[in-house]
Amino acid sequence: MTASHEIENRLRATAEKLLREKKVDLFLGYEKASLPFRTTPLLLTAAEEAGRLVWNSFCTVNLAVYLPRLFKAPADAREAKSATPPPKVGIVLKGCDARSVVALIQERQVPRENLVLVGIGCPGVVDAQKAEKTLGEHEALGAGEDAQGSIRAVVEDGTEITLYRQEVLADACLECRSPMPAICDLVLGGPVEAKETDAARRRAAEFESKPPDARWARFQEMISKCIRCNACRQACPMCYCKECLLDQTRPRLIGAGTDISDVTIYHLVRALHTAGRCTECGACVRACPMGIDTRLLTRKLSLEAEDLYGYRAGQSADAIPLLSAFAMDDPQDFLTEPSHLPAASSSAQEAEQARRAK
Amino acid sequence: MTEKRISHTDLPRLLARLRERGAVHAPLEDETGDAVLTELSSDDLISLRYRNFRLSPKSFLLPQNQVLFRFQDGKEEEPALPDREMVVFGVRPCDAKAMQALDKVFLDGDQNDPYYARAREKTVVIALACTRPLSSCFCTSVGGGPGDGAGADVLALELDADLLLRALTPGGERLLSSVRDLLCDAAPSAVKEAEDRVRAAEEQIAPVKVDGSAQRLSNAYDSPLWASVSQKCLGCGTCSFLCPTCHCFDITDEVRGGTGRRVRTWDCCAYPLFTLHGSGHNPRPTPKERWRQRIMHKFRYAIENFGRPFCVGCGRCIRSCPVGMDIRTVLKEIGV
């Protein structure tokens, strides 16, 4: 693993060169944020400002989220007339961000030829909320990482506290199997080895082992914290719909408030619309101001896509997106023969019988 | 009125007494260790270790969803005004200050909002002075301070073994006199110690330049900088929904057959739907116009209309922004 400050230096030089030689109009990277454990996206257009770019374990935002809006097709003829040609964009990509870019290319949302993809093997990023929680009553005033990758925080009284990396890495990073960008034009730093982890599978299995009513209760309890701020949707590179179903007002399909039925539909719709498309970057989880594990359902759906169809989203730009592909031997017994599903628990069955009797 | 004093060990007794008259909301730790303002039941142990709550307490006065009235077959039923007496204990001074700001919108202007007015009338707010501000706090730059109780009925100041209680409104006086048998007079030395702590907290808070923002923003409407300061905004509503002063709302009728209800729901100026016209035209089509509105509303229009910025420096929007945007940086970049 190459030290992050070395990668940072190369990144600055790369961005500077790309902008100076006009290979790109815009370079998407990260710069220092005002609070520790965070960075903030930098949309760079001036080569001489490349020194603002940083690379460290706090580069959490999936920058691919900005791509669809940069290449948005004109809405109508009038907009088309005044439209500027699509920009050339350079972008820093971790393994997961690269998967999002692949999926966006597959879905024809961004033109590959307009992108310069700068990949970095990713040793995982810090979840700021986790790090802050780990510090307990202390507040970090500054944070960095040492050569071993441990996170060091300086708290209000000046003491330095070392945080064990595994404790503060984002959940998605602990489950990550592909830390190297699957697609890129150049790579900065050395390779980061893929882990053979089944963390996602274990987490899904743990939830799955509960009876249906317990699962439902857990899901409802979790989303009852939701304030409908849309941060999970807005942070998701795959949520690029011009008009989201959940925003439609003619007719209004679901209420905008926090009525549990509306919140339920919100989260179910989002999970289903990212099925087979979610690249498991965890941006939604880190964006949530309420600490909801928004990947509870999408994690399972990704595993379903993998187990049933051998498909992992964002692996190859040439692959046909899962939901656009069809093969005669596709498994379909989960539709036609749902009997292999675990039996509903007795109380759920009783509730169902009672409902029918009514 | 002189300061009253109660020991931390007697605080549960005081809260239990208040519960006899109505609901008491106080900080309880949830399963993740976060303090949340929760309605107390008999044996809950409150926690005073928090710096502030994740969510602002504005929802006690302006719930995220509120049924204004129901209707059936063209006939309107009586509006459902909140009628429970409530004590909210442990609100931080910035959030109390925000309630005072909301009063200006919902009570003091030409609108008197009956729902808000009733909730405000029924709610006694006990603020808890801050001794450990966060690095994202800037209350002192927007007219507040860690020991400022404005907007609350009682201000509590924390000492090692005691809480000092200072009534700030007639409602606060009534509340304290209803439990006077549990309170002692505070010694002047204790009052001084509490004030020293507040002053120490005040000194930790870094100033932000906000003075004169209305004047400076009045020339900034057409600034090209709005596009650059807003370009990384994702357009979520986290900042607004966590903000203790943001109060914009939408009103919808939820109808099924002949019956329905009119609901008021928080809205957010970062959303595309916020200003979308029926014609399909949107006067604020991009984050540029939306951010301009956010900053103008808080730091210019509010000052012109209500005499104070609609920001209390709680820093929630800074801590929770998914892309690390900082309203202090935006103000600086735009030249406030």
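**Ground rules.** I am working with a predicted model, where local features need pLDDT of at least 70, side-chain atom pairs count only at pLDDT 80 or more, and totals for chains, interfaces and linings use all residues. Residues are numbered from 1 along each chain as its sequence is written, while chains are lettered from A and ligands numbered from 1 in the order in which they are written.

**Domains, chain B.** I found 32 residues of domain 1 of chain B in contact with 27 residues of domain 2 of chain B; contact means C-beta atoms, placed from the backbone, within 7 Å. On the domain 1 side, β4 (65–72) and α2 of chain B each supply at least two of the touching residues. Helices (H or I, at least four residues) and strands (E, at least two) are DSSP runs, numbered from the N terminus.

**Domains, chain A.** Here domain 1 is written in two pieces, 1–125 + 175–197, and domain 2 is 198–340. The contact takes 21 residues from domain 1 of chain A and 21 residues from domain 2 of chain A. Which helix gives the most to the domain 1 side? I get α4 (residues 95–106) of chain A, with 9 residues.

**The sheet in chain B.** I traced 8 strands in an open sheet, in the order β3-β2-β6-β7-β8-β9-β1-β10 (chain B), with mixed pairing. Two strands pair if DSSP finds at least two bridges between them. β3 (35–39) and β10 (184–185) of chain B stand at the edges with a single partner strand each, so one side of each has no neighbour in the sheet. β10(B) pairs with β1 (residues 4–7) of chain B in the antiparallel sense over 2 bridges, and B:Lys4 stands opposite B:Asp185.

Helix α2 (residues 93–108) of chain B lies across β6 and β7 (123–128) of chain B.

**Helix α5(B).** Which of its residues are buried? I list B:Ala194, B:Arg197, B:Val198 and B:Ala201. My cut-offs are 20 or more other C-beta atoms within 10 Å for buried, 12 or fewer for exposed, and partly exposed in between. β8 (154–158) and β9 (162–167) of chain B are among what covers the buried residues.

Most residues other than glycine have a negative phi, and most peptide bonds are trans. A:Arg250 and A:Pro251 are joined by a cis peptide bond, with omega about 0°. A:Asn230 has phi near 70°, a positive value, and counts as buried because 25 C-beta neighbours lie inside 10 Å. A:Glu280 also has a positive phi, about 55°; with 24 C-beta neighbours inside 10 Å, A:Glu280 counts as buried.

Methods. Two residues are in contact if their C-beta atoms, placed from the backbone, lie within 7 Å. Axes are lines fitted to C-alpha atoms, for helices over the stretch in contact, and angles run from 0 to 180 degrees between N-to-C directions. Domain bounds come from an automatic or database domain assignment.
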